[in-house]
Amino acid sequence: MTVQRGDRLVWEHPLWPVPLHITVTRVARDGTWADIDVRMLTSQWSRRTPLPLPSRCRPDNSTGE
């Protein structure tokens, strides 16, 4: 999956009981990594992740927080 800065995604991770909500904050020019903010229930953290993102990621079409 190709991502751009500002993209909002949902990742249904096999080890987590609820989906992770991801916001892309920065993408490397060479397309090999992205900085992301991750939200799950009441937890939130940031990390750098390699690209491409896992196939279980999909666009977040939700309208509310």
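Strand 3 and strand 4 pair in the antiparallel sense, with 8 bridges between them. A word on terms: strands here are DSSP runs of E of at least two residues, numbered from the N terminus, and two strands pair if DSSP finds at least two bridges between them.

This is a predicted model, so local features need pLDDT of at least 70 and side-chain atom pairs count only at pLDDT 80 or more, while totals for chains, interfaces and linings use all residues. Residues are numbered from 1 along each chain as its sequence is written, and side-chain values use heavy atoms, with hydrogens and water left out.

I will go through the pairs. Is Leu41 buried or exposed? Leu41 has 68% relative accessibility and counts as exposed. The cut-offs are under 20% relative accessible area for buried, over 50% for exposed and partly exposed in between, with a 1.4 Å probe and protein chains only.

Next, strand 2 pairs with strand 3, residues 33–40, over 6 bridges, again in the antiparallel sense. Val24 has Ile36 in strand 3 as its bridge partner. This hairpin has 5 residues between its strands, and Gly31 in the turn has a positive phi of about 75°.

Strand 1 and strand 2 are antiparallel as well, with 4 bridges. There, Leu9 has Ile22 in strand 2 as its bridge partner.

Now the core. What is in the largest nonpolar core? It has 13 residues, and those with the most contacts inside it are Val3, Leu9, Ile22, Val24, Ile36 and Leu53. A nonpolar core here is a set of buried Ala, Val, Leu, Ile, Met, Phe, Trp, Tyr and Cys residues joined through side-chain atoms within 4.5 Å. Strands 1, 2 and 3 each supply at least two residues of this core, and strand 3 gives the most, with 4 residues.

Take Leu9 from that list. Leaving aside neighbours within four places in sequence, Leu9 is in contact with residues including Met1, Val3, Ile22, Val24, Leu53 and Arg58. Contact means heavy atoms within 4.5 Å.

Met1 itself lies in the segment before strand 1. At 39% relative accessibility, Met1 counts as partly exposed. With neighbours within four places set aside, the contacts of Met1 include Leu9, Pro52, Leu53 and Cys57. Met1 and Pro54 are 53 residues apart along the chain, and their C-alpha atoms are separated by 7.6 Å.

Pro52 deserves a mention of its own. The peptide bond from Leu51 to Pro52 is cis, with omega near 5°, and Pro52 is in the loop between strand 4 and strand 5.

Last, the rings. How many aromatic pairs does the structure hold? The answer is 1. The pair is Trp16 with Trp45, tilted, at 6.4 Å centre to centre and 35° between the planes. Rings of Phe, Tyr and Trp (its six-membered ring) pair if their centres lie within 6.5 Å; planes under 30 degrees apart count as stacked, over 60 as edge-to-face and the rest as tilted. The pair links distant parts of the chain: Trp16 is in the loop between strand 1 and strand 2 (20–27), Trp45 is in strand 4, and they are 29 residues apart. Trp16 is partly exposed at 38% relative accessibility, and Trp45 is partly exposed with a relative accessible area of 31%.

A further tryptophan, Trp33, has Arg48 over its face, at 3.7 Å from the ring centre. The criterion is NZ of Lys or CZ of Arg within 6 Å of the ring centre and within 35 degrees of the ring normal.
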